Amino acid sequence: MKPRLAFFLFALLVVAAVGVSVTVSLRNGSPPERVWGTRGVQEGQFSRPRAVAIDPATGHLFVVDFTARIQAFDSDGTYLGPTWTTPDFRNGRPSGLSIARDGNLLVADSHYHCVRIYDHAGNELKKLGGEAGNKPGQFGYVSDCVQDSDGYYYISEFGQNQRITKLDPDGQFVACWGEQGTGPVQFNRVRALAIGSDGLLYAADACNHRVQVLTRTGEFVREFGSPGAASGQFQYPYDLCFGPGGDLYVAEYGNQRIQKVTTEGKSLAVWGKPGHAKGELSSPWAVGVDKFGRVHVIDTENHRVQRVRF
């Protein structure tokens, strides 16, 4: 090969490598489409927001913060109201939100051992659980609740109980599975649940730094993730949800980022880095994706929501 040709090819390789590096860098810290929220306790403000649920019918966001206030917003961050709280929050605040199949809001009232179901006006319609303990139908710290297309509820716990409980559509106990540990169907702080289009249950096993995938009867299917900051690794995954394309978005409290992965755990993209500027995160607790594929990140210690596409 002639020297000039060799040099030319080498230069192309260098440019290509730099281009890849720049692309990854921009993705990690690229500006969001929208940033909204300030610290405070007035309507439309947040004090350490910690969970989000997006109504697929309207695109409205419900956000709960450390004052136990649940607020509703449109996808641009305009406050819609009303604001309400759970009946008592002296022991602690809710830490999980999701939308039931009928559109009502499921609220994991963590320190009161129950899930409360609200309409969008803040009226409590039903309560699941409420008795503390480790027997079937009793709960410890309730972290999240999701409902499947058949109406069954799945409730995750940690602390006293490291498990997932299944209730029928009337709220009656069906089964529970899980225990403390690092093996299959063993958990160390399940923070969030999501049900994929494949009908499987995905659990953010936060302190095991992984996602476990189970059937809706509790059989182990697979797991992915390991401790670290590389692609495909997690550091305290606190929340997870599916986008309209079927990919999974994981909020990493420890890595200050959102990671997009396949249902097999292959990393597709990451967004976010530590900090306080736009495109930077401080202890993100939660993530929600709307029907347009816009990712809404609950930027907890920055007391705001950031919206991004990636």
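Leaving aside neighbours within four places in sequence, Leu248 is in contact (heavy atoms within 4.5 Å) with Tyr202, Val211, Phe224, Leu240, Cys241, Phe242, Gln259, Lys260 and Val261. Leu248 is also one of the residues that touch the most other members of the largest nonpolar core, together with Tyr202, Val211, Phe224 and Leu240. This core has 14 residues. A nonpolar core is here a set of buried Ala, Val, Leu, Ile, Met, Phe, Trp, Tyr and Cys residues joined through side-chain atoms within 4.5 Å. Buried means under 20% relative accessible area, exposed over 50%, and partly exposed in between (1.4 Å probe, protein chains only). At least two residues of the core come from each of the strands β16 (190-195), β17 (201-205), β18 (210-214), β20 (237-242) and β21 (248-252). Another core, of 13 residues, lies apart from it and includes Tyr249, Leu281, Val287 and Phe310.

The model is predicted: local features need pLDDT of at least 70 and side-chain atom pairs count only at pLDDT 80 or more, whereas totals for chains, interfaces and linings use all residues. Residues are numbered from 1 along each chain as its sequence is written, and side-chain values use heavy atoms, with hydrogens and water left out.

The secondary structure of the chain amounts to one helix and 26 strands. Helices (H or I, at least four residues) and strands (E, at least two) are DSSP runs, numbered from the N terminus. The C-alpha trace spans about 80 × 45 × 30 Å along its principal axes. Of the 310 residues, 55% are buried. Among contacts with a separation of 6 or more, 45% are between residues 24 or more positions apart. The accessible surface of the chain is about 13,200 Å², and 52% of it belongs to carbon and sulfur atoms. Accessible areas come from the Shrake-Rupley method with a 1.4 Å probe, and for residues only the protein chains shown count as cover.

Four strands form an open sheet in the order β2-β3-β4-β5, with antiparallel pairing. The strands β2 (49-54) and β5 (84-85) are at the edges with a single partner strand each, so one side of each has no neighbour in the sheet. Two strands are taken to pair if DSSP finds at least two bridges between them. Five bridges join β2 to β3 (residues 61-65) in antiparallel fashion, and Val52 stands opposite Val63 in β3. These two strands form a hairpin with six residues between them, and Gly59 in the turn has a positive phi of about 80°. In β2, six of six residues are buried. Strand β4 (residues 69-73) is joined to β5 by two bridges, again antiparallel, and Ile70 has Trp84 of β5 as its bridge partner. The loop between β4 and β5 contains Pro82, which is joined to Gly81 by a cis peptide bond with omega of about -5°.

A further open sheet of four strands has the order β1-β26-β25-β24, with antiparallel pairing. Its edge strands, β1 (34-36) and β24 (286-289), each pair on one side only. The twist averages 15° from one strand to the next, where axes are lines fitted to C-alpha atoms (for helices over the stretch in contact) and angles run from 0 to 180 degrees between N-to-C directions. Three bridges link β1 to β26 (residues 304-308) in the antiparallel sense, with Arg34 opposite Arg307.

Most residues other than glycine have a negative phi, and most peptide bonds are trans. Arg189, which is not a glycine, has a positive phi of about 75°. Arg189 is in the loop between β15 (186-187) and β16 and is partly exposed, at 31% relative accessible area. Tyr236 likewise has a positive phi, near 55°. Tyr236 lies in the loop between β19 (220-224) and β20 and is partly exposed, at 32%.

Leu201, in strand β17, is buried at 1% relative accessibility. Not counting residues up to four places away in sequence, Leu201 touches Val146, Tyr154, Ile164, Trp177, Leu193, Ala194, Ile195, Gln212, Val213, Leu214 and Thr215. Leu201 and Tyr154 are 47 residues apart along the chain, with their C-alpha atoms separated by 8.9 Å.
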